Number of protein chains: 4
Amino acid sequence: MDFSIPVDIQTRLDDIRRFVEQELVPLESRLLAADWDGLTDALDEKRSQVQAAGWWAPNLPVGAGGTGASLVELGLISEELGRTPTGHYVFGCQAPDAGNAELLLLHGSEKQRDRYLVPLASGQIRSCFCMTEPEFAGSNPVQMGTVARREGDDYIIEGHKWFATAADGARFAIVMAVTNPDEAKHRRASMILVDCDQDGFSLERNIPVMGHPGSGYFSHGEVRLTQCRVPISQRLGEEGAGFIMAQERLGPGRIHHCMRWLGICRRVVELMCDYALTRQLNADTKLADTQIVQAWIAESAAELQSARALVLETAWIIQEKGFKAARDNVSMIKFITANTLQRIVDRAIQIHGALGVTDDTILSFWYREERAARIYDGPDEVHKLAVARHLLKARARAG
Amino acid sequence: MDFSIPVDIQTRLDDIRRFVEQELVPLESRLLAADWDGLTDALDEKRSQVQAAGWWAPNLPVGAGGTGASLVELGLISEELGRTPTGHYVFGCQAPDAGNAELLLLHGSEKQRDRYLVPLASGQIRSCFCMTEPEFAGSNPVQMGTVARREGDDYIIEGHKWFATAADGARFAIVMAVTNPDEAKHRRASMILVDCDQDGFSLERNIPVMGHPGSGYFSHGEVRLTQCRVPISQRLGEEGAGFIMAQERLGPGRIHHCMRWLGICRRVVELMCDYALTRQLNADTKLADTQIVQAWIAESAAELQSARALVLETAWIIQEKGFKAARDNVSMIKFITANTLQRIVDRAIQIHGALGVTDDTILSFWYREERAARIYDGPDEVHKLAVARHLLKARARAG
Amino acid sequence: MDFSIPVDIQTRLDDIRRFVEQELVPLESRLLAADWDGLTDALDEKRSQVQAAGWWAPNLPVGAGGTGASLVELGLISEELGRTPTGHYVFGCQAPDAGNAELLLLHGSEKQRDRYLVPLASGQIRSCFCMTEPEFAGSNPVQMGTVARREGDDYIIEGHKWFATAADGARFAIVMAVTNPDEAKHRRASMILVDCDQDGFSLERNIPVMGHPGSGYFSHGEVRLTQCRVPISQRLGEEGAGFIMAQERLGPGRIHHCMRWLGICRRVVELMCDYALTRQLNADTKLADTQIVQAWIAESAAELQSARALVLETAWIIQEKGFKAARDNVSMIKFITANTLQRIVDRAIQIHGALGVTDDTILSFWYREERAARIYDGPDEVHKLAVARHLLKARARAG
Amino acid sequence: MDFSIPVDIQTRLDDIRRFVEQELVPLESRLLAADWDGLTDALDEKRSQVQAAGWWAPNLPVGAGGTGASLVELGLISEELGRTPTGHYVFGCQAPDAGNAELLLLHGSEKQRDRYLVPLASGQIRSCFCMTEPEFAGSNPVQMGTVARREGDDYIIEGHKWFATAADGARFAIVMAVTNPDEAKHRRASMILVDCDQDGFSLERNIPVMGHPGSGYFSHGEVRLTQCRVPISQRLGEEGAGFIMAQERLGPGRIHHCMRWLGICRRVVELMCDYALTRQLNADTKLADTQIVQAWIAESAAELQSARALVLETAWIIQEKGFKAARDNVSMIKFITANTLQRIVDRAIQIHGALGVTDDTILSFWYREERAARIYDGPDEVHKLAVARHLLKARARAG
């Protein structure tokens, strides 16, 4: 066993952290006060710096426009980027574009890669992923109302999607639709590339989430597909393989999310400490001198560290043995880390008192935005039940 | 012992609940989509209906423009009004106006009552309460930087306040300021009536809270007092009595808040049930059929009911024996109920899944707005430590 | 509404508490060190004092050998008695004898009452209740393997029971057995009076619970019924009514248990305070001066008080409106109070440190013995699911 | 990074687990029913098997009578042994003998090693460690009342100790006593080897813990030292170095304990699964089919795995970088793992229902015995406050 991080990687992580602290954290107050359009120029400038530094798109191989990293390294980078809401965007590895690029890389035809992956990987365009539907419980992803009926060399797509993150301003969407309704339930859906400006694809609204509809990259779209005709050559991968491709995408995606959440946690623990060290309760006592605050800091640090140890182990298992070997671990880190995040942010708000609910710190942003962490990509409960069924089945077999 | 609610009061509560459900709940989507100005006409109309029904200002006696109620009854009414964010406003008993009116009634000179209480009680004007200061921990309310220096027949006030709820559009403020710096620390501050449009009183901003600066009644102001000169006759009550008057105001105020929170809890449990009863997980199973959701519903109901039983008992103790006899109970219901509220809203969001974080239900509004319940009027920890010190002292005496 | 306790009742409660503190608490160290037999003489003496004071068997009416009390009063008495493990026994209202006496009073024939109730009510004999079976989940009480087959004027009982509390030394048992296997599932079982010394009734062992088999009244028996022949006249109540009679017994029984648990909680909070007030951490600081301990004391007090408020309200509802009106409340207080008890005892142990796990205080006794509170009379989960189903059904009807 | 366990070590672990399951788990019912003396023959036989297999004393190097293992390996072995209460004893690495042997190895003179280490390492004798005192809070280990006064070439020890685990039957004790009262508080105490049969050393009682005084190895002694005269040559290590030596011993000791607790957790999760898989709730449904039980299984597994990942990482840090680099991690794993253990055992009892509180399974043994895990070697709170102070200090420096 060896838990050490190689020196060169640690150096890169330190450099990235410094960049995030010095260049991106100062943008937070603007992010909180303005909308997406007011921020794009500043972010474009930071993206250039990142590209110049050779840090761009660590999730993609060099040949595909990225700078390459193993899954464990990628997780460690994601942790640094998670320290501020714009980190991943500035490094060109933001959801859902990162996952979409990985799908195109694995399953795209040459033509699809030229048309979609090249500009996506370089940050020229954005994309979205249309899977979730308001009419069907996300906890059961094989249920789906969107249908792509074949007509000659085209699909005609009809459907209703929501929580298509960053659909506002996206150039294209990857749409999950039922193409083979008579197959086994895991073999019914396909992924289809749809240009967002084409007939029949309509972004109906940016869904107001936690009081804000958002805009641009920071938004979640509700999308209607009506008689949306696309050539069959727009299908990504095999017909009926959509669900399996989505699953494959999840393992690395969860590492990415979990490490991002842990990056938030680290930053939040630092904010707790910093505020506690400066806030006077009276002439003699700072908040940092009080036991309850100390207990919260220690509990937060310990929960963060134990979740982190498991996430890194899981990243390593996926990397070395593949997703299947890590399936239960992936579910566990999803719910463990999302709940750790919620608890830590909540404690930090309580420590900050009235200041904690204002937009004068980044805490209330995460309190609002990351409540969804326990819901998207499978709510806590779905993951728990999946883990339990596997353990029970294994135990029944062993018994 | 008698836990029954008299029939006539129960009838009034049932009528109020019906009104709230039919007239106010439908305004919620507008509240979530628009700002305060877009809602005032509708709310004014509802206020007229409330006045016509004889329900206006239940917290004030008939002679003072209200419709009168005991503290227990007031609590029960507050519970009904809490079911929707506009309830208390429409019934003319919204914070901070309700507490301010009670202060004027108890401590105001005839001139002060004419000038401020009469239009306030009738709903013609609004007011705010300037106590909290960003530079001092709210957990130690006797610390205060705002000073009212006497100069002839005037006070000259200098200070910095925040979380002056509803300052935007308020006609007057009750400002806590140190008038007697050399007295014992609980005898230093006084309450002073300040017109918001007068020189030296400046609303610097509506503080962005949980992503929104808000406006009008739904806002929290940051206020600067600079060379703000007011006649001594504007002082409310005795000089140096400000802190004690603020304390007196708290007992009933906490009943009001706790019962409002329990009204939210009841509505939220209903929303949980309603959604669970309609959401299909698959052809055979609804969300309401699943054990985890059932457990959450039952835990929520039980926590709600036990908190409620204690709040009502506490209201009764204040009513029959005075605030002092209920001091520890008041602290206990503050933290017990605020935490119950947070847990119940959180479970409801989890049950609603992605829908729960959107503004398509009222849940995310309460998730954001009521996080502060564990902070304002004394954070959880301050109340816990106070209760413990009293118990320990009593036990040390008894031992 | 009126939450006051009448003066005469409060005086009686104060007297009882003083008796418990002065006469029974000092027996605790002997209880922890010795077995039941070593304690009976002392307890018999205390019982005589209780009878002389006119406090005996408050759960039974005067005509039946008790001193009578309403359900609310009984709850308040049970709270005082709960402060020490021998309280209920010394006052002649210990489980399961109290419930058995109530069943005999309600359903017993004159002959049954003469033979069983009279000596039971006076404390001359003890009894047990044989319901739970190891082979069937207690969460589903209508499942039962014990059968009483009719043969002439007799029942022949065959069955296997456990957790027959206090079977060791009991004179008779009330045995639940299926007499009508073809009826609807709630109408199959009857209650049958069986003398413990009769052929076919065998106490196989005192079940070792938490490291101790116990003995005498402090024990839980495993019982085998083999060709156990009893006359039909030994049946208590109607044939097939056993399950309904058991349910009826539960409402008051749960009040009794919950108030007993709250009595434990009160005593434990006092022990927390007392120890914290004396234990020095260093020359300057006592445990009672530390925030974490203070927070635990306050949380314990608040949880205790809110559970208590709900239990008393529930007792009042049963008393005034009957069990059915209080059904969900009864479930809620069961799991709320049992969990409150567990948390409070656990915190007290942590405060006591190493001392807390020894038998030098009563804490570890309750930690062990009362873990079962969340299990017997329906585990937490069964009550939660029952409450949720009722709420959902009511809401579905209302919608 | 490399999270893999080398094949040869994994093979050894698998063999050990098989041995534990087949040879030691079956002894549990005897352990629960009998006292220590009734078990020694059986355990001696198992010890011979372990020695024959080459597994004896993995914590000691080959030259010192053990079979040697790195700290990470030792942790993994401790996890396997933790699965049953006799595991560590049978493998010759039970507390407190293991730690005492390590102290003798590091600090013992040749004569001390010959006299004490050789028979201890081979399992011929047992020992105890006398540190904790009833009069002083264990949370502040530098406070100590036991004094060793120098008189010529002897120490005269006076003191009162408790929780001397396994003192009953121990041949010698390592006694912490103040030898240098005027030094800085971390330099006052020394460790002194005292034969248990010598004048002035008296085992006053086996402390009844959770209802049992225990006996032999399974006991905790209260010890009185009265005019206990031992030659100065019996001092272990430098004078005044006792506290530092005790600290050094803690790092590896905590890994040992934490991995033992995780071994318990693994076994308990298996017991949960096995019981849930066999217990029928009704004809159609097993306990394992219910969501609440499934959620508990998954939560338990996830908490176990994340605690375990952090413990292994911590073992690796100690092994590679020394205790100091791992100091905060060591505190974190102590409270994280002890609490995980308590929660998992508690859930398992709830799943087992009435059976869970009996001695018919091993669960209630761990429920009782391991409640102390959150107390000994520093209660949760002490570790939390230590971690927080370090984090705050580091942050204050960094700021």
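In chain A, domain 1 and domain 3 meet through 21 residues of domain 1 and 23 residues of domain 3. The model is predicted. Chain A also touches chain D, and that contact draws 42 residues from chain D and 42 residues from chain A.

**Domain layout of chain A**
- The domain assignment places domain 1 at 7-108, domain 2 at 127-236 and domain 3 at 244-398.
- Taken over C-alpha atoms, the centres of domain 1 and domain 3 of chain A are 20 Å apart.

**Domain 1 side of the contact with domain 3, chain A**
- Three elements of chain A give two or more residues each to this side: α2 (28-33), α4 (71-81) and α6 (97-107).
- α4(A) provides the largest share, with nine residues.
- By residue class, this side of domain 1 of chain A has nine nonpolar, seven polar and five charged residues.

**Chain D side of the contact with chain A**
- On chain D, at least two residues each come from α8 (242-278), α9 (291-321), α10 (327-352) and α13 (380-398).
- α9(D) makes the largest contribution to this side, at 16 residues.
- The chain D residues that touch chain A split into 27 nonpolar, six polar and nine charged.

**Points to check on the structure**
- Which element gives the largest share of the domain 1 side that touches domain 3 in chain A? It is α4(A), which spans 71-81.
- Which element gives the largest share of the chain D side that touches chain A? It is α9(D), which spans 291-321.

Technical notes:
Residues are numbered from 1 along each chain as its sequence is written. Chains are lettered from A and ligands numbered from 1 in the order in which they are written. This is a predicted model: local features need pLDDT of at least 70, side-chain atom pairs count only at pLDDT 80 or more; totals for chains, interfaces and linings use all residues. Domain bounds come from an automatic or database domain assignment. Two residues are in contact if their C-beta atoms, placed from the backbone, lie within 7 Å. Helices (H or I, at least four residues) and strands (E, at least two) are DSSP runs, numbered from the N terminus. Ala, Val, Leu, Ile, Met, Phe, Trp, Tyr, Cys and Pro count as nonpolar, Asp, Glu, Lys and Arg as charged, and the others, Gly among them, as polar.
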